[in-house]
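Hi everyone, thanks for coming along.

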Amino acid sequence: MKTIIKNTFLIILLLGASNTFAQIITGRVITAENTPLELANVIINGTTLNTTTDANGDFSIDSAGKLPFTLLIKYTGYKTERVAITTLPLTPLSIILSEDNQLAEVVISSRRRIEKAQNVPIPISVVSGKQAEQAGAFNVNRIKELIPSVQLYSSNPRNTGINIRSLGSPFGLTNDGIDPGVGFYVDGVYYARPAATTLDFIDVSQIEVLRGPQGTLFGKNTTAGAFNITTRKPSFTSGANFEVSYGNYSFLQAKASVTGALGKKVAGRISFSGTQRDGLIDNVATGRPTNTLNNQGIRGQLLYTPSENTNVLLAADITTQRPDGYAQVVAGVAPTQRAAYRQFDAIIADLNYQLPSRNAFDRKIDHDTPWRSNQDLGGASLNIDTKIGQGTLTSTTAWRFWNWDPSNDRDFTGLQVLAKSQNPSRQTQFTQEVRYSGQISSKLNAVGGVFFIDQTSKTNGTEESGSAQWRFSQSTTSEKWKTPGLFEGYGIKTNASIHAVSAAVFGQLDWEITEGLHILPGIRYNYDKKDAHYDRQTYGGLETSDPDLIALKKLVYSDQNFAKNTDATDFSGNVTVSYKASDKINAYATYAKSYKPVGVNVAGLPTLNGAPILELAVIKPEKVNHYEAGVKTSPFNNAVLNVTFFNTDITDYQTNVQAAELGVNRGYLANADKVRVRGAELDASFVINEHFTINGAATYTDGKYIKFINAPLPLEETGSAVSFKDVSGSELPGVSKWAGSLGGEYTTAAKLFGNLGKFFVGIDSYARSEFSSSPSASKYLVVDGYAIVNGRFGFRASEGLSINFWARNILDKDYFEQLLPAGGNSGHYAGVLGDQRTYGITLKYSL
């Protein structure tokens, strides 16, 4: 990491020495007291062209069109300034913003044009990069604490699911065979792997979270919502930021970013982020802590402006993670309906073993199989924007990869039950999107495009039994289970692959029927094809010709081999009616018909009489009917209050089932007949006076299986006379009835080491009620509700030195983020622990 930092800083010095050569409009945004304003929005009105000011308040922007035009300059707490440009200025502009304590007029680009978030008839939450940094949100898992409609569950990067309104990914362990229902986009590039959401943010400008189906605006179909993340772009004005954080548990995070002109028409930006931290869980077997952080990422961008109407942006990034984690701690033991000798406590007693602690929050493990969660993600993209007529034609071409190299202890004990559990994977994807967005007439705007993705995912896995496997798998009283060496080294080697192709045509109109009244129809046509191959071969263990011993081995693992290919087409769409009654009230209603593509199982299938149940190899596509109504208001000056009501009905809901069979690795996919999610959301922001701001959000969600008659058994019913259960009417996993966030900040003008800035004190809180952590509700796998409080104080300056003292989980609350049964459903279950109290200091220097 030190080498990367050294090289990055060298590049920073080289780029920082560059001068501005481009024949473009430049300027500086300052206050009446001559204080530069960093990250002010500068927009060419009526276009998608925009930029932000640097730490000196400087900006540069291509004129991009015929004169005249108007610049809009927006910044939190200041009046929006409009500057008419009739001739190209020969000297940099000097723009003074007047403070009026108004809330920021947040602008977004999710509808492929720059517009105010309050004017968009979509429930959307916006977090600026600056807000995320101040709140300590360096990845999506932290963003959920600011936007309670977002849920993220991760037992390791591969097994990560991101949901909006409790929909998007099946709760539990990840299966490569289905598509996520929440789109994740960075600078217009779709990231197909949910593992991307565990990465550290690198130089983020803004995070837009859209809720509800968005398939008529984005290339990849999204049934639950989308993350639209934009990074800071290269600037022709030189600038640099350096940041370092120190905290307890040896937390160290370094960030750096530099930008500047490389020629008359070329600008560059390079950004780096590195994070390290000691482990938060003690492994008493190895004598060292586990669940460390060890992340490094770098992102480079080149901007080429061949003409005033065209921008070409080439970007590349790579991120590596090398943590010693993500270990889970035994959280409890559930009695099953198996015979007494098959209960967990009876098993470990026979093996003369005891857990290091029965209290998960002692944070002690004795796992004997090393935890490894190595992953590499990266790629390159080429984005071309060119102004044609009254709109912009955009082409986004990208290639990305994901490499996953794990090792897990899926029995969660110090016993050699599973000596190996590792399924290394490699995924590659190529995407191409071409999109036009513009004004057709004075009352009609349109977005239309085509999208294509080709992705391949390959897994070469190994799972191997150890010396204690016989006792955990023992299902009869036969003495032959005790045969020495019968299961030691006995395992499976898996080769699985999926080749998936998806293509789509999509579009949406925005027609202003009369002043303030808009109708927005959208349509999408999708084609999806998936080819899956699964081959699993047993190996090792005791070499024997005894048919009884062979039969016992096959009760643990058996060979499987199947190939499936499937394709499907679908028409979907939506229609929205919105009415802006005044500048303070914007109401809307939406109906959307959406779908999630067909799925395939590639993690092993349940067996019947020793043979895999091939009917489960292909999973039906989800069919979604979504209704929504909301109102965005500004009830008085310096206030925003938005309310949304929603109802989503899903037929053939794709869910993940954790099987009692050890060989069904990571569970298998199944369809629930019908699911319904309904609820309400509230978002509010207030500026009390020149010193105090308050923001909050709350969501109520009621998610139920309307019909699911062949659901898996809950953990405590493992071993009963039936194999499935009717759970119709029960709650969906991962759904809290209530969730909310509340925060506030006090600021006052101050000076530190001669730099003008603001002293600040802020606090943020997040809470959620209990939720089920099992596809079929189990009284043992219920995560209790919890609330956490985070705080910060310090000095913030637009240039020079800023200091931030911070603490997370100030009250040191013990809580689980997820519960999951051990492989084989022996009765014990593990927990993903929330972090205990952490604290530290962040120093930032801007040039």
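This is a predicted model: local features need pLDDT of at least 70, side-chain atom pairs count only at pLDDT 80 or more; totals for chains, interfaces and linings use all residues.

I'll talk about a cavity, then a strand and its partners, and then the aromatic rings.

Let's begin with empty space. Rolling a probe the size of a water molecule over the atoms shows where empty space is left. The largest cavity here has a volume of about 700 Å³. Its lining takes in 38 residues, and the closest to the centre are Asn141, Arg277, Tyr326, Glu817 and Asp835. As for where they come from, at least two lining residues each are supplied by helix H3 (140–143) and by strands S11 (150–154), S22 (293–307), S49 (786–797) and S52 (828–833). Please keep S49 in mind, as we'll come back to that strand.

Now for strand S1, residues 25–31. With strand S7 (residues 93–97), S1 runs parallel, joined by five bridges. In that pairing, isoleucine 30 faces isoleucine 96.

On to the rings. A pair of aromatic rings is described by the distance of the centres and the angle of the planes. The count for this model comes to 23 aromatic pairs. Take tyrosine 766 and tyrosine 786: their ring centres are 6.4 Å apart and their planes are at 65°, so this pair is edge-to-face. Tyrosine 766 belongs to strand S46 (residues 755–768) and tyrosine 786 to S49, so the pair ties together parts that are 20 residues apart in sequence. Are these two buried or exposed? Tyrosine 766 is buried, with a relative accessible area of 3%, and tyrosine 786 counts as buried at 5%.

Tyrosine 786 also forms a stacked pair with tyrosine 815, at 4.2 Å centre to centre and 20° between the planes. Tyrosine 815 sits in the loop between strand S50 (800–808) and strand S51 (816–821), 29 residues from tyrosine 786. Tyrosine 815 is buried as well.

Elsewhere, ring pairs link Tyr185, Tyr190, Phe218 and Phe451 into a cluster.

Finally, two charges over rings. The charged end of arginine 165 sits over phenylalanine 646, 4.2 Å from the ring centre. Arginine 400 lies over the face of tyrosine 191, at 3.9 Å from the ring centre.

Terms used: Residues are numbered from 1 along each chain as its sequence is written. Side-chain values use heavy atoms; hydrogens and water are left out. On a 1 Å grid over the protein atoms alone, a cavity is a set of points where a 1.4 Å probe fits but cannot get out, and a pocket is an open set with protein on both sides within 12 Å along at least five of seven lines; lining residues have an atom within 4 Å of a point. Grid points are joined across faces, edges and corners, and a volume is the space filled by probe spheres set on the points. Helices (H or I, at least four residues) and strands (E, at least two) are DSSP runs, numbered from the N terminus. Two strands pair if DSSP finds at least two bridges between them. Rings of Phe, Tyr and Trp (its six-membered ring) pair if their centres lie within 6.5 Å; planes under 30 degrees apart count as stacked, over 60 as edge-to-face and the rest as tilted. Buried means under 20% relative accessible area, exposed over 50%, partly exposed in between (1.4 Å probe, protein chains only). A charge sits over a ring if NZ of Lys or CZ of Arg is within 6 Å of the ring centre and within 35 degrees of the ring normal.
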